Amino acid sequence: MDVKQTMKSILEAESNAVKNIPVTDEYNKAVSLIVEQVHNKGGKLVTSGMGKCGQIAENIATTFSSTGIPAVFLHPSEAQHGDLGVLQPNDVMLLLSNSGKTSEILALVDLAHALYPQLGFIVITGNNQSELARLADICLWTGGAPEVCPLGLTPTTSTTMMTVMGDVLVVGSMQATGFTKRDYAMRHHGGYLGVKSRS
């Protein structure tokens, strides 16, 4: 198979995976929880994930921060060495794990619950029957499409779906809070987007 054919196959597989992400009422619940706790009560969104999921979680956090929902990324391992102190009572946690079995994320749930039992947990996962899914207040299931990696191992399709699901939450929150172009300009001063937002 040549590179062009491989590209076509990957584009088709990942496009289909995104189109088949289950659309459920859980998204409404997730946006409502984020807006209530962060926008209305002054908390923040704390995202976390390990490995490639962690990189997606960090990207989601920065996108939320630029669109009116203060958010930070908490590394699940560093949380066990003092960084858990970033959590506050009105925060919401958004946790990413494709398997739903990531030991560091499961440990983070226990630690966060011990510190603030009332914290809300949103989970994005490819395994809605996992322990992490059962612990979540809100579970957003990717649908579990297989990775396009020829080994079936490297996070590829799963991270694409998680990125899209993060975008859904960001846009939903922007709409719910009435976030404007002027609000964006107040938070984004540099670069082309800063200029465009003030034009």
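Which side chains does a polar contact of 3.0 Å join? In this predicted model, the pair is Glu26 and Lys29, a polar contact being a pair of N or O atoms within 3.5 Å, where within protein one must be able to donate a hydrogen and the other to accept it, and residues adjacent in sequence count only if both atoms are side-chain atoms. Glu26 belongs to helix H2, which covers residues 26-40. Leaving aside residues up to four places away in sequence, Glu26 also touches Asp137, Ile138, Cys139 and Leu140, with contact meaning heavy atoms within 4.5 Å.

Turning to the whole fold, the protein chain contains eight helices and five strands, assigned as DSSP runs (helices H or I, at least four residues; strands E, at least two) and numbered from the N terminus. Their order along the sequence is α-α-β-α-β-β-α-β-α-β-α-α-α. The radius of gyration, taken over C-alpha atoms, is 17 Å, close to the 16 Å that the globule rule (2.2 Å times the number of residues to the power 0.38) gives for 199 residues, so the chain is as compact as a globular protein of that length. Its C-alpha trace spans about 55 × 45 × 35 Å along the principal axes. Among contacts in the protein chain with a separation of 6 or more, 69% come from residues 24 or more positions apart.

Residues are numbered from 1 along each chain as its sequence is written, and side-chain values use heavy atoms, with hydrogens and water left out. Because the model is predicted, local features need pLDDT of at least 70 and side-chain atom pairs count only at pLDDT 80 or more, while totals for chains, interfaces and linings use all residues.
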